[in-house]
Amino acid sequence: MFTAARAATVKLLALAGVAIIASAATAAEAQTLKTVRDRGTLACGVSQGLFGFSSRDDKGQWSGFDVDFCRALAAAIFNDPAKVEFVPLAANERFEALQTRRIDVLSRNSTWTLEREAGPGLLFAGITYHDGQGFMVARRPNVTSALELDGATVCVQSGTTTEANLRDFFVANAMNLEVRTFPTSAEALKAFETGQCDVLTSDQSALYAERLKLPRPADATILPDIISKEPLGPVVRQDDVAWFTIVKWVNFALVNAEELGISAKTVGEALASAKPDIRRFVGTEGGFGAQLGLANGWAVQAVRAVGNYAEIYERNVGVQSRLGIPRGLNQLWNMGGILYAPPLR
């Protein structure tokens, strides 16, 4: 007779089997951190050159918002922000580079969309920069809005969400356009510069960077219109949840550091603080580093290396930088923006 007690026993055995299988699968998947440590460097995919986000100077030194995120991740793992290999990638090869394991993480002004997660088997580890698509035109007093661009020739980089957004915007507003696509942002900018198109479209942050490359930046203006949501953030593969969690929480740590008032200059004060939330952040309470497979001081290591979110933003793209982009949506949630991170506890 199949009694209730026997049924309960069978159920418990089945659950135990599922737990064992799940545990084995997790152990098999969680290899990226070990691979990075064994190699001794983090392989981080970046753009081929976007000022303010990821660009290389004539001495081969990388700088920018996305570059600093890579360094923060390396600091969290190695306590050394220099242990990063930067891999410059074109837009049409960036996700394949992740899939084929050429890189461990992609930090390359990439928009988080459903298709990019559900299709290639990737995961976005949060949002580091809230952006939106805009338009740059030759400075002409009669063009003050994107709604005045009926019949325009527009240059756009192929392999991006930008091209689809462009067509949707013109169709939705019953306007005609001629689209000219280019494989790289440099080629699209050159076409705009030489008059092959009336308009250049991209993420608005990218337009600020591209305008600086023109012989006479003042001859071009960026229209105020934002026609899309472009949440930009780091990307990893779906096959390693433990690695995804590390990348995600390094992102969150940089935001939480700003909110807690922990900066690169005040790390010493934070380490001596008696406040529970700061003690958890710096690793003197909670033991969260061990749960991630990192040292307990992983978060403070990241901030010591590159600063908190505000320091990274202002240094690379903020109003005191060459780009001069106001924080806007990228201000903290309690300061008028929408930047928000779960608590480290």
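How do strand β8 and β12 pair, and over how many bridges? Strand β8 (residues 133-138) and β12 run antiparallel to each other, over three bridges. Within that pairing, M136 has I222 of β12 as its bridge partner.

## Basis of the model

This is a predicted model: local features need pLDDT of at least 70, side-chain atom pairs count only at pLDDT 80 or more, and totals for chains, interfaces and linings use all residues. Residues are numbered from 1 along each chain as its sequence is written, and side-chain values use heavy atoms, with hydrogens and water left out.

## The sheet

Five strands make an open, mixed sheet in the order β10-β9-β11-β8-β12. Strands are DSSP runs of E with at least two residues, and helices are runs of H or I with at least four, numbered from the N terminus. Two strands pair if DSSP finds at least two bridges between them. β10 (177-182) and β12 (220-222) are the edge strands; each has a single partner, so one side of each lacks a neighbour in the sheet. The twist averages 30° from one strand to the next.

Two helices pack on this sheet. Helix α6 (residues 161-172) touches β8, β9 (152-157), β10 and β11 (199-203), and its direction makes about 80° with that of β8. Helix α8 (residues 204-211) touches β8, β11 and β12, at about 125° to the direction of β11. Contact means heavy atoms within 4.5 Å. Axes are lines fitted to C-alpha atoms, for helices over the stretch in contact; angles run from 0 to 180 degrees between N-to-C directions.

## Helix α14

Helix α14 (residues 309-316) buries Y309, A310, I312, Y313 and N316. Seen down the axis, these residues fall within an arc of 165°, so they line one face of the helix. The arc is taken from the directions from the helix axis to the C-beta atoms. Their cover includes α3 (65-78), β7 (129-131), α9 (241-260) and α13 (298-306).

## Salt bridges

The structure holds 14 salt bridges. Each is a side-chain nitrogen of Lys or Arg within 4 Å of a carboxyl oxygen of Asp or Glu. D68, R71 and R315 are linked in a network of them.

E210 pairs with K213, the closest N and O atoms being 2.8 Å apart. E210 is buried at 3% relative accessible area, whereas K213 is partly exposed at 39%. Buried means under 20% relative accessible area, exposed over 50%, and partly exposed in between (1.4 Å probe, protein chains only).
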